[in-house]
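Hello,

Here is the structure I promised to pass on. Please open it first, then read my notes below.

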Number of protein chains: 2
Amino acid sequence: MNAFQDYYPDEVSHCYGCGRLNEHGLQIKSYWDGDETVCAYQPRPHHTAVPGYVYGGLIASLIDCHATGTAAAAAYRAQGREMDSDPPLRFLTASLHVDYLRPTPIDRPLELRGRVEEAKGRKVTVAVDLFAHGELCARGQVVAVQVPDEFMAQLLGK
Amino acid sequence: MNAFQDYYPDEVSHCYGCGRLNEHGLQIKSYWDGDETVCAYQPRPHHTAVPGYVYGGLIASLIDCHATGTAAAAAYRAQGREMDSDPPLRFLTASLHVDYLRPTPIDRPLELRGRVEEAKGRKVTVAVDLFAHGELCARGQVVAVQVPDEFMAQLLGK
């Protein structure tokens, strides 16, 4: 099964968090699970805040990219078409909020669950919960905005 | 001149964003500039969102660590002592908010400027502006909380 990020056009697949063509990046993968979206990520040993616990900036990064992926997937779904159909839809982050609820252990994969809170025109608000060992460790909210058409055309070299 | 992060005890210097002992990390350096704090960081070529522009998760990470550094430095200053004096003060992030105002070009060092908005007991709220080419590209707010004493003792192996 392909992840949302596998459908991003090559020209916009260099994101450090979610671009499959960024060999130094996190390369997260997001999928539908009913009306929610899911992503699992195993932090690397150097992704520490203090020894044993996950760096907050990594948590913010995962929430960010899982949310923009969720926004894109939801936009295709709202248009009743598959993610490999044209025109491609990509979202940028307008704002990101993360509440860190407890120290997040680094020894197991993190699970992220996203859901669309609001979709209004080109703006999609996504909530993301992040779990470790089944326990809610962080909660995020992202306002994602569809990449403006001219900027998208420029990025795609059209 | 030493940066705030150079004074962090070794045991809590492994943060991916600001730990001087994390060889894979960003190793940011923050300093006082009057009542504000400053940090410069040159994004690496792979820190892209889309080609030419900085990844939002990196921006969130820089804001996060510059803010917790600012909170620590301000706490020492409020106590009228140097950052190499005991007991050491370290801050964790309770919440992080970033507004992305415009795409941030990757070709020049980013400049971050922080200031304490509120300090109340162990909680310090820090605002951070992020500039590229002198232009304000992102605005962050971090609520930082001093690491609880027992947790700090545990981290320091005491």
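Helices here are DSSP runs of H or I, at least four residues, numbered from the N terminus.

Some ground rules. This is a predicted model, where local features need pLDDT of at least 70 and side-chain atom pairs count only at pLDDT 80 or more, while totals for chains, interfaces and linings use all residues. Residues are numbered from 1 along each chain as its sequence is written, chains are lettered from A in the order written, and side-chain values use heavy atoms, without hydrogens and water.

The contact (heavy atoms within 4.5 Å) involves A:Gly56, A:Gly57, A:Ala60, A:Ser61 and A:Asp64 of helix 1 of chain A. From helix 1 of chain B come B:Gly56, B:Gly57, B:Ala60, B:Ser61 and B:Asp64.

Next, the interface. 32 residues of chain B are in contact with 32 of chain A. 100% of the interface residues of chain B are also interface residues in chain A, so the copies meet through the same surface. About 2,700 Å² is buried between the chains (accessible area lost by both, summed, 1.4 Å probe), and carbon and sulfur atoms give 61% of that. In chain B, B:Tyr16, B:His46 and B:Tyr55 lose the most area to chain A, together 22% of what that side buries.

Best wishes

Methods: Helix = DSSP H or I, 4+ residues; strand = E, 2+ residues; numbered from the N terminus. Buried area = accessible area lost by both parts, 1.4 Å probe.
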